[in-house]
Amino acid sequence: NFWSAFDFCATVLTTIGYGSIYPRTAFGKIVLILYTICGIGIMAMYLGLFSKGIISLVNFLIDLATKVIRTVDRQFTCSEVLSRMFSLLVVVTALTAFVIIWSWRLSSSNPRDSFLKAAYFYVITLTTVGLGDISMTEAKPFVLIRVLFLFCVGLTLVTAVFNALRSVLAAHTKRLKAKGRRLTTRAQEAMKGGANRLINRNTEDSVPLTNLTEADGYDPQSEFMMPMIRNDKK
């Protein structure tokens, strides 16, 4: 029927694929391949767009809170890495609360399902594993639409968690690169300073070749004579 087809199309788009409904004919498999190639791309665009919006909103609120705290305490500082880690914590907390709340709601509305079973169903679904031992194929239309909507929200939060994690890693990489550049600059300055001091000291302890004689060991015919030699007899 229509609702079973709707459930099948939604689970394919979200890459959950419970396996309770699948094509049997060659023509159906070809249609499903074309539908999957087009549909998953559209779903990926949706998840990327909304997850970035969630991360941007969380980062904006964190930056706003940081500015408010700085008006009270001017010595307060929040690095980019700390800000991104706090953003990741907020998104992970939101995803955990989402799973717990709706697992409790599902278990309370259906006495046959325990909280553990409901949580297992949501986690398996939101991670797009979709083992198929539990599915919504036989659910009522209203329940099916509500659950599929929750799946979209949950998948958006999962994608937001990965985007927040990527932001944390990018901030760490940026900080390490900045430290590396500072260390390289300091090393170059130290080497340059040491070389200058060595040159100055050698210049003070050396005399021009024009002041040397054969008694000092100077051979005018030598092709490999250094331009300056140390005056050991001075």
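Modeller: By class, 6 nonpolar, 3 polar and 1 charged residues line the largest cavity (Ala, Val, Leu, Ile, Met, Phe, Trp, Tyr, Cys and Pro count as nonpolar, Asp, Glu, Lys and Arg as charged, the others, Gly among them, as polar). It's a predicted model, so local features need pLDDT of at least 70, side-chain atom pairs count only at pLDDT 80 or more, and totals for chains, interfaces and linings use all residues. Residues are numbered from 1 along each chain as its sequence is written, and side-chain values use heavy atoms, with hydrogens and water left out.

Biologist: Which residues line the largest cavity?

Modeller: Tyr18, Tyr120, Phe121, Ile124, Thr125, Gly130, Leu131, Gly132, Asp133 and Ile134.

Biologist: OK, helices now. At what angle do α1 and α2 pack?

Modeller: About 60°, with the axes of α1 (residues 2-13) and α2 8 Å apart. Axes are lines fitted to C-alpha atoms, for helices over the stretch in contact, and angles run from 0 to 180 degrees between N-to-C directions. Helices are DSSP runs (H or I, at least four residues), numbered from the N terminus.

Biologist: And what meets what there?

Modeller: Phe8, Cys9, Val12 and Leu13 of α1 touch Leu32, Tyr35, Thr36, Gly39, Ile40 and Met43 of α2, where contact means heavy atoms within 4.5 Å. That contact has 8 nonpolar, 2 polar and no charged residues.

Biologist: How do α2 and α3 cross?

Modeller: At roughly 125°, and the axes of α2 (residues 26-72) and α3 (residues 80-109) come within 10 Å.

Technical notes
Helices (H or I, at least four residues) and strands (E, at least two) are DSSP runs, numbered from the N terminus. On a 1 Å grid over the protein atoms alone, a cavity is a set of points where a 1.4 Å probe fits but cannot get out, and a pocket is an open set with protein on both sides within 12 Å along at least five of seven lines; lining residues have an atom within 4 Å of a point.
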